[in-house]
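Please keep the sequence and the structure in view while reading.

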Amino acid sequence: MSPLTPEIKFSNRRRTIGLTVERDRQLVVYAPTGTSDDTIQAILHQKRHWIQEKLAHPQKYPAASPAQRLLPGSSIYFLGRTHLLLSDSEPTAPLHFDGHTFTLGAALLPKASALVQIWLRQQAQAVITPRVERFARSLGVTYQRIQLLDLKYRWGSCTANAALLFNWRLIQAPSTVINYIIVHELAHLLVPDHSTTFWNVVAVQLPLYEHAKKWLRDYGAILEELD
Ligand SMILES: [Zn+2]
């Protein structure tokens, strides 16, 4: 294991030591004021496997590239494909998608990013919710609720009280990647860690899940461009 240079934050309201790994993979230690360095080092040693696992988590993705401003001729990612954005001075609808191309009313071009984002969020709701229900049935798990959010640096997350949070930008990824994130979070309702048992549960649902993991590693960052 490479040497760790954690950021240490002391607080006199804390009674125990807590660890988090931030999206940029910075390890942060929260400790009660006055905790000795030896104690912190001992915790870091004790938790080294957990830390390694967190650092390798498939759903952490690289920091976003600068936001892309949408113009006629820009590409929009939807379900893993790129689609051209065109403008029309006499549009039939503010934003229209014919399955290949997006057409936006020319007068609305300054609002292109916002309109495309609203459209993608609606699609995310329509696609992700029924799939979560289907995979939950298949896994035999129950969850509290599904929420689509602007999760800045995660694709999905499963809270301690079984609420499933998904990044709406997931709708820009291929269908198989969406399924993988859904199954990954639902599988955490059965197995909280990333042990072999966990990956076996995922593999039963999605035998080819490794392809989705690789896709996220290779292309995950591009989904952040739309802002
Ligand atoms: Zn996980």
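Asparagine 179 counts as buried, at 13% relative accessibility; buried means under 20% relative accessible area, exposed over 50%, and partly exposed in between, with a 1.4 Å probe and protein chains only. The model is predicted, so local features need pLDDT of at least 70 and side-chain atom pairs count only at pLDDT 80 or more, while totals for chains, interfaces and linings use all residues. Residues are numbered from 1 along each chain as its sequence is written, and side-chain values use heavy atoms, with hydrogens and water left out.

Asparagine 179 lies in helix 4. Helices (H or I, at least four residues) and strands (E, at least two) are DSSP runs, numbered from the N terminus. Leaving out residues up to four places away in sequence, asparagine 179 touches Arg131, Phe135 and Leu206; a contact means heavy atoms within 4.5 Å.

**The chain as a whole**

The chain has six helices and ten strands. Of its 227 residues, 41% count as buried. Among contacts with a separation of 6 or more, 48% join residues 24 or more positions apart.

**The sheet and its helices**

Three strands make an open sheet with mixed pairing, in the order 8-10-9. Two strands pair if DSSP finds at least two bridges between them. Strand 8 (145-149) and strand 9 (156-158) are at the edges with a single partner strand each, so one side of each has no neighbour in the sheet. Strand 8 and strand 10 (residues 163-167) run parallel and are joined by five bridges. Within this pairing, isoleucine 146 has leucine 164 in strand 10 as its bridge partner.

Axes are lines fitted to C-alpha atoms, for helices over the stretch in contact, and angles run from 0 to 180 degrees between N-to-C directions.

| Helix | Strands | Angle |
|---|---|---|
| Helix 3 (residues 112-139) | touches strand 8 and strand 10 | about 155 degrees with strand 8 |
| Helix 4 (residues 175-187) | lies across strand 9 and strand 10 | about 155 degrees to strand 10 |

**Helix 4 and helix 6**

How do the axes of helix 4 and helix 6 cross, and within what distance do they come? They come within 9 Å and cross at roughly 100 degrees; helix 6 covers residues 209-219. Helix 4 is therefore roughly perpendicular to helix 6, a term that covers 65 to 115 degrees. On the helix 4 side the contact involves Thr176, Val177, Tyr180 and Ile181, which meet Tyr209, Ala212, Lys213, Trp215 and Leu216 of helix 6. These residues divide into seven nonpolar, one polar and one charged. Here Ala, Val, Leu, Ile, Met, Phe, Trp, Tyr, Cys and Pro count as nonpolar, Asp, Glu, Lys and Arg as charged, and the others, Gly among them, as polar.

**The cores**

A nonpolar core is a set of buried Ala, Val, Leu, Ile, Met, Phe, Trp, Tyr and Cys residues joined through side-chain atoms within 4.5 Å. The largest one has 46 residues, and those touching the most other members are Leu85, Ile128, Phe166, Tyr180, Ile182, Leu186 and Val202. Helix 3 gives the largest share of this core, eleven residues. Another core, of eight residues, lies apart from it and includes Leu19, Ala31, Ile40 and Ile51.

**A loop residue**

Glutamine 26 is in the loop between strand 2 (18-21) and strand 3 (27-32). Its relative accessible area is 26%, so glutamine 26 is partly exposed. The C-alpha atoms of glutamine 26 and proline 6 are separated by 6.9 Å, although these residues are 20 residues apart along the chain.

Methods. Angles under 35 degrees count as roughly parallel, over 145 as roughly antiparallel, 65 to 115 as roughly perpendicular and the rest as oblique.
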